Amino acid sequence: MSAATVTKRVASRIPHRIKLNLQAIVGRAYPRIIGANREPSWIFFEAVLPLLGIAAYVFIYQAIGDRAVAAILQATSTAPWGMCGDHACANAAEQAAYLSATQANVNALIGSVVLGGTMIAFWLNVLWSMASQLYWEKEIGNLQLYMMAPMSRMALLGGMAIGGMFMTSVRAVTTLVVGVLVFSVVLQLTNPLLLLAVFFVTLIALYGMGMMLASLYLLYGREAWNLSSLLEEPIFFTSGFYFPAGGFASPQFGGLGRAILTFATFIPATLGLDAMRQLIFPGAWGGKFWIFSPDVEFGILILLAVAFLILARSALAYLEMLARREGRLTSRHQ
Amino acid sequence: MYWRTFKWAAWLGWEMDSNWTEPALFLLYSVIKPIAGAFILVLMYLVFAAIGNFRDPAMFSFIYVGNAFFIFVGSTLFGTFQVIQSDREWYQTIRYIYVSPISYYTYIVGRAASKVAVAALAVVITIAFGAAFLDVGLHIDAGEVPMFLVTLVLGLFCLISIGICLAGISFLTARHTHGLAEGIPGIFYVFCGVLFPLTTLPAWAADFGRAIPLTYWFDITRRLLLPANNIDTGLSFFNDAEILALLLASSLAFFILSVLIFKGAEYLARKAGKIDMLTSY
């Protein structure tokens with residue numbers, strides 16, 4: 001058979017392969033877009049319950065803020081105009097300015113918690129419905145069916161990611177809207193287009209990371225469950241879901257804080273959240289807790305998105321081969 | 001019979017939880033999560049302090065100790081009510097255990113024991129770390145240690161009872177364990193004054209919190225471990241003995257409730273043929 005014939009035959013298969021993989025993407029996304037919304041219990045479990053966690057952190061800032069306000073307003077013999085931080089207020093004007101600044105800071109922190117709590121839905125979806133998904137599929141016996149099917153594994157992961165993004169966005173937007181209304185968060189949107197761009201690039205980078213982790217998890221048994229569980233609170237902490245992550249760069253944390261921040265910037269949620277907070281609460285906290293400007297963070301997020309997608313493809317090919325060789329693809333309850 | 005059931009169920013729970021890796025790595029995994037959770041609160045406090053030059057060590061200790069003891073809540077509840085789901089759907093062994101001559105109630109308590117033990121270790125490490133490195137102001141009077149131990153036992157007893165109630169319900173539900181695992185502790189997290197005083201909540205929410213026994217457990221635990229402070233917890237009108245009495249009464253009430261709910265749900269599940277149903281978790 002001549003080279004030209006082979007090339008022609010391969011080329012003739014391309015439309016078929018594209019169609020097949022698009023069908024695989026749609027097929028895998030379908031249960032997450034349509035199927036997951038058929039059971040209305042998601043409204044309670046995935047939109048209302050996350051508000052409880054958010055509420056707890058909101059009330060922490062509220063409680064500390066209330067005590068700070070009480071300290072500002074409490075007149076004593078040594079501080080007739082109350083305390084302005086670590087010193088006595090000089091006069092009523094300073095007291096009023098300090099009170100106003102404290103209330104604005106509390107509002108921005110509460111808004112940060114609502115935004116961070118909303119983004120947690122995406123991180124949890126990446127962990128449990130992307131990274132761990134192939135492990136679940138192995139446990140219930142679907143993985144071998146996927147492996148025998150002729151479509152690309154990337155199409156399978158892509159479908160999972162698209163479906164997961166849509167499903168989680170519906171839930172997250174519900175949580176965000178209710179959170180903003182319930183906790184009376186005042187938003188100051190400055191650049192809506194950049195905000196949307198940052199949000200979507202953050203999602204692509206996050207789900208690219210999830211696709212990469214999914215391939216790593218192919219090798220795992222119960223370690224997968226424990227690893228995903230381990231990547232919850234420590235990542236909430238390092239990525240600053242409930243506080244501005246730029247706080248790690250404060251002098252009081254020294255080199256360790258900067259090291260944590262450097263590690264955290266490889267998790268797309270860190271820079272995504274920081275950029276979104278800057279765009280929604282411009283000037284909050286005197287701007288002293290921002291990591292980079294939103295433009296720079298947007299650029300880094302694009303790089304992360306591309307890098308994770310490329311890494312996901314390479315890792316999937318390598319680890320699938322390794323899992324086949326070690327006979328771990330179909331072993332359940334390891 | 002009950003002791004043997006408890007003992008072997010506890011051993012089984014420990015093996016299922018830990019034998020996927022080396023013991024040292026398992027312990028590391030077990031304490032990293034709660035310590036990271038505590039660090040979130042530390043950073044929240046420090047960021048607030050840095051923004052407003054406002055330091056409030058009493059409030060920080062209040063938050064830190066409450067959060068440390070909340071580790072028991074998540075672990076104990078999840079350890080208790082996930083048993084039915086995992087045996088029924090995941091390992092599909094519930095029918096064999098259920099027909100064996102044991103008390104299934106005791107079996108569930110035994111299975112939760114390993115999670116309670118690991119949680120206890122995480123609590124001790126978190127508290128010790130806070131006292132050693134974060135200036136959490138602990139103040140433990142030797143004379144109050146027995147009372148602290150009594151409240152700890154009552155708190156865990158109450159938690160296990162609540163967990164058994166939920167386990168009974170999960171006989172009848174499909175795959176909602178993870179939702180319950182997040183939701184029920186989430187309710188306690190917000191309404192029981194774990195991280196902030198009840199006075200921060202709206203009045204209706206504070207009243208709801210006062211109806212939950214764990215609120216009193218957290219309050220008396222902090223009274224016994226922390227020095228006196230000026231935080232208005234919303235429970236100041238009760239003295240220690242009254243709080244302890246409320247905790248004892250509500251723990252007993254929840255124990256009776258757990259037996260009733262568990263037996264009732266078990267009966268309904270058997271009647272409907274749901275004991276070993278599969279819902280493709």
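pLDDT is the predictor's confidence in each residue, on a scale from 0 to 100. For chain A its mean is 87, and 98% of the residues reach 70 or more. Chain B has a mean of 89, again with 98% of its residues at 70 or more. The model scores ipTM 0.89 and pTM 0.88.

Some ground rules. This is a predicted model: local features need pLDDT of at least 70, side-chain atom pairs count only at pLDDT 80 or more, and totals for chains, interfaces and linings use all residues. Residues are numbered from 1 along each chain as its sequence is written, and chains are lettered from A and ligands numbered from 1 in the order in which they are written.

Chain A now. It has twelve helices and two strands. Helices here are DSSP runs of H or I with at least four residues, strands are runs of E with at least two, and both are numbered from the N terminus. The order from the N terminus is α-α-β-β-α-α-α-α-α-α-α-α-α-α. Along the principal axes, the C-alpha atoms of chain A fill a box of roughly 95 × 40 × 35 Å.

Confidence by element. Where pLDDT is low, the predicted coordinates should not be read in detail.

Next, contacts. Two residues are in contact if their C-beta atoms, placed from the backbone, lie within 7 Å. Take the contacts in chain A between residues at least 6 apart in sequence: 80% of them join residues at least 24 apart.

And burial. A residue is buried with 20 or more other C-beta atoms within 10 Å of its own, exposed with 12 or fewer, and partly exposed in between; again the C-beta atoms are placed from the backbone. Buried residues make up 44% of the 334 residues in chain A.

A:Leu279 lies in helix H11 (residues 268–280) of chain A. It counts as buried because it has 22 C-beta neighbours inside 10 Å. Leaving out residues up to four places away in sequence, A:Leu279 touches A:Thr190, A:Asn191, A:Leu194, A:Leu195 and A:Pro294. A:Leu279 and A:Leu195 are 84 residues apart along the chain, yet their C-alpha atoms are separated by 6.5 Å.

Then A:Thr175, in helix H6 (residues 153–182) of chain A. A:Thr175 is buried, with 24 C-beta neighbours inside 10 Å. Beyond its neighbours within four places in sequence, A:Thr175 is in contact with A:Ala47, A:Pro50, A:Leu51, A:Thr118 and A:Ala121.

Now the backbone. A:Trp285 is not a glycine, but has a positive phi of about 55 degrees. It lies in the loop between H11 and helix H12 (294–325) of chain A. A:Trp285 is buried, with 23 other C-beta atoms within 10 Å. In chain B, B:Asp135 also has a positive phi, near 60 degrees. That residue is in the loop between helix H5 (104–133) and helix H6 (145–170) of chain B. With 11 C-beta neighbours inside 10 Å, B:Asp135 counts as exposed.

On to the interface. How many residues of chain B are in contact with chain A? 37 of them, meeting 41 residues of chain A. On the chain B side, the elements giving two or more residues are helix H2 (23–52), helix H3 (57–90) and helix H7 (177–191). The largest share, 16 residues, comes from H2(B). By type, the chain B side divides into 25 nonpolar, nine polar and three charged residues. Ala, Val, Leu, Ile, Met, Phe, Trp, Tyr, Cys and Pro count as nonpolar, Asp, Glu, Lys and Arg as charged, and the others, Gly among them, as polar.

Look at H3(B). 29 of its 34 residues are buried, so this helix is largely enclosed by the rest of the structure. H3(B) bends by about 45 degrees at B:Gln82. The bend is the angle between axes fitted to the seven residues ending there and the seven starting there. After H3(B) comes B:Gln92, with a positive phi near 55 degrees.

Last, the core. A nonpolar core is a set of buried Ala, Val, Leu, Ile, Met, Phe, Trp, Tyr and Cys residues joined through C-beta atoms within 7 Å. The largest one has 175 residues, and A:Ile60 and B:Met44 have the most contacts inside it. Helix H3 (residues 92–131) of chain A gives the most to this core, 18 residues. Setting aside residues up to four places away in sequence, A:Ile60 touches B:Met44, B:Ile63, B:Leu195 and B:Phe196.
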